[in-house]
Amino acid sequence: MILESDERQALRRAVSDLAGKYGHDYYLRCTRAGEKTTELWQEAGRLGYLGVHVPEEYGGGGGGIGDLAAVCEELGAAGCPLLMMVVSPAICATVISRFGTPEQKGRWLPGLADGTKIFAFAITEPDAGSNSHKLTTTATRDGDGWLLSGRKTYISGIDEAEAVLVVGRTADERTGRLKPVLFVVPTDAPGFTAQQIPTELVAPEKQYNLFLDEVRLPDDALVGSADAGLLQLFAGLNPERIMASAFALGMARYALSRAVEYAKTRAVWGPPIGAHQAISHPLAACHIEVELARLMTREAAYLYDSGDDQAAGEAANMAKYAAGEATVKTVDQAIQTHGGNGLATEYGLATLLVASRLGRIAPVSREMILNFVAQHSLGLPRSY
């Protein structure tokens, strides 16, 4: 069930070869110059890697989220973690593929599959945090369209996105209660404003606050049905967690490989430092935790691709937690293995310190995952 097919393994090797042409030096050079990793993104799109999970009739490879997660992980393992993979192809293309109208699929999926279109995803709000029930971004009917107003925060990649898949709420015509809905909002729409959030994260993708001031949208900007918003939302959040796990694990594998290489060649008291258990045992423990998290991520992807959304939700949260913890520990140990060199630009590890924390914080915190597991897996009383 969690063993990978020959095709999946071949996909991993091909993506690793592609990313190896660019490497971490390329990634950092683009980031520090304020540029995007456009060449890598475009080549990955042309080769079909960004749309490996999109249905073939829309230009994709017809695979599953497990295939896309493999692409994301291998890019990260080569030192090129692409955060927008978690957002544009994984969340947005998946939601549109599952719930969009035929016209929406034909309009957006081919570009999302080949990388010529990039979508952002906006759910988090300043006063709601992880509580999707407190979202205040609201859509109201206006003639044959919609008016959308609200605020979003920590939204990735607005400066490179053509549109944003926005999670809002609208009133149920029968009950008057607010229910979740998803809209495709062009980033150049009147009333749409983005403000960059300064962060210490060394990455080509930037974070933004969004301000939506009565953004006028056509009727077909609503993705799928207004009555299936909650189902559509969670159909996107499970792949988000799976891909976030893959993103983190790629980073962990990169850091671990650098640490192992250094421990094999660095000699201070005669033999390489990797011969000493104070060095080798912590690295071995990191390897074990990374591999366990990889297995959990494959399990989550398998369940999702099998159509078992409920089981996939539990597994995806567990995978996200395991990957986040393993990555923080591994990056920290890799830097420690290098000693003072772990802080040197030459070794390409110190910049991962902040990035490694993403797996514990976003897109859902480890504390909220523990709440979920305590309540849904263990049957304990709800704590929030």
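1. Contact here means heavy atoms within 4.5 Å. Leaving out residues up to four places away in sequence, R360 touches K320, G324, E325, V328, S365 and R366. This is a predicted model, in which local features need pLDDT of at least 70, side-chain atom pairs count only at pLDDT 80 or more, and totals for chains, interfaces and linings use all residues. Residues are numbered from 1 along each chain as its sequence is written, and side-chain values use heavy atoms, with hydrogens and water left out.

2. R360 sits in helix 11 (residues 358-361); helices are DSSP runs of H or I with at least four residues, numbered from the N terminus. With a relative accessible area of 17%, R360 is buried (under 20%; exposed is over 50%, with a 1.4 Å probe and protein chains only). Its side chain makes a polar contact with the side chain of E325 at 2.9 Å (a pair of N or O atoms within 3.5 Å, where one must be able to donate a hydrogen and the other to accept it; residues adjacent in sequence count only if both atoms are side-chain atoms).

3. G236 belongs to helix 7 (residues 229-265) and counts as buried because its relative accessibility is 1%. Beyond its neighbours within four places in sequence, G236 is in contact with I91 and V95. From G236 to A301 there are 65 residues in sequence and 13 Å in space, C-alpha to C-alpha.

4. What is the relative accessible area of L292? L292, in helix 8 (residues 277-305), is exposed, at 54%.

Methods
Helix = DSSP H or I, 4+ residues; strand = E, 2+ residues; numbered from the N terminus.
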